[in-house]
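This briefing is meant for a reader who is meeting the structure for the first time. Please keep the sequence and the 3D view at hand while reading.

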Amino acid sequence: MKVLNRIKKNIEFNKVISEGELVKSDTITLHFLKNDLNYTRIGISIPRKSGKAVVRNKMKRQIRAIIASDADLTKSFDIVMIARKNYDISKFEKTRSDIDYLFEKVGLKA
C-alpha cells in the first residue's frame, strides 16, 4: 500500500470514526467516509489489548496484504479499519473473507 493511500494523522482518524458510517464483521470494524480526492486512503488501528508489538505488526501486515490484493483504491473514500478482539493471526483466510465482505458492503471490491 502506497504512502499516498494511508491515513496517518490522529485528526483524520477521528474525523472518519466520528462522521463516517460503520460496517462490522467478526474480526474487523470498518469506518468509511467519502472524501474529495480521486483515491482511497486507509488507516489501520490495532488495539494494544490484541497482543504485543510483534503480534500487532503481523496483524497490520496481513491486513495490508489483503488490501493490496483485493481492494479497488481508485474510489474516493477514507477508511479506518480496527481489529476486533477475536482477530486471529493464524486464520488468514477467515480475515480475508471478512475484509472482502466489508469491501463489498462499501463498494471497494476490485
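The model shown here is predicted. The chain holds three helices and four strands, and from the N terminus on these elements follow the order α-β-β-β-α-β-α. The radius of gyration of the chain is 13 Å, close to the 13 Å that the globule rule gives for 110 residues, so the chain is as compact as a globular protein of that length.

**Overall dimensions and surface**

- Along its principal axes, the C-alpha trace of the chain spans about 35 × 30 × 25 Å.
- Of the 110 residues of the chain, 41% count as buried, while the chain as a whole exposes about 6,500 Å², of which carbon and sulfur atoms supply 50%.

**The nonpolar cores**

- The largest nonpolar core has 22 residues, and those with the most contacts inside it are Leu-30, Ile-63, Ile-67, Ile-79, Met-81 and Phe-103.
- Two or more residues of this core are given by each of strand S2 (28–34), strand S3 (41–45), helix H2 (53–70), strand S4 (77–83) and helix H3 (92–106).
- Apart from this core there is a second, separate one of five residues, which includes Ile-7, Phe-13, Leu-33 and Val-80.
- Once neighbours within four places in sequence are left aside, the contacts of Met-81 include Ile-28, Thr-29 and Leu-30, as well as Ile-42, Gly-43, Ile-44 and Ser-45. Also in contact with Met-81 are Ile-63, Ile-67, Ile-99 and Phe-103.

**Tyr-87, in the loop between S4 and H3**

- Tyr-87 lies in the loop between S4 and H3, and with a relative accessible area of 9% Tyr-87 counts as buried, because that value is under 20%.
- Although Tyr-87 and Asp-26 are 61 residues apart in sequence, their C-alpha atoms are 7.8 Å apart in space.
- Leaving aside neighbours within four places in sequence, Tyr-87 is in contact with Thr-27, Ile-28, Met-59, Gln-62, Ile-63 and Thr-95.

**Leu-73, in the loop between H2 and S4**

- Leu-73 is found in the loop between H2 and S4, and with a relative accessible area of 22% Leu-73 is partly exposed, because that value falls between the 20% and 50% limits.
- The C-alpha atoms of Leu-73 and Tyr-39 are separated by 5.7 Å, although the two residues are 34 residues apart along the chain.
- Beyond neighbours within four places in sequence, Leu-73 is in contact with Asn-5, Tyr-39, Thr-40, Ile-42 and Ile-67.

**Pro-47, in the loop between S3 and H2**

- Pro-47 sits in the loop between S3 and H2 and is partly exposed, with a relative accessible area of 30%.
- Not counting residues up to four places away in sequence, Pro-47 touches Arg-56 and Ala-83.
- Pro-47 and Ser-76 are 29 residues apart along the chain, and their C-alpha atoms are separated by 26 Å.

Key. Residues numbered from 1 in each chain as written. Predicted model: local features only at pLDDT ≥ 70, side-chain atom pairs only at ≥ 80, totals over all residues. Heavy atoms only, no water. Rg over C-alpha atoms; globule rule 2.2 N^0.38 Å. Buried < 20%, exposed > 50% of the residue type's maximum accessible area, 1.4 Å probe, protein only. Areas by Shrake-Rupley, 256 points an atom, 1.4 Å probe, with all protein chains shown as cover. Core = buried A, V, L, I, M, F, W, Y, C linked by side-chain atoms within 4.5 Å. Contact = heavy atoms within 4.5 Å.
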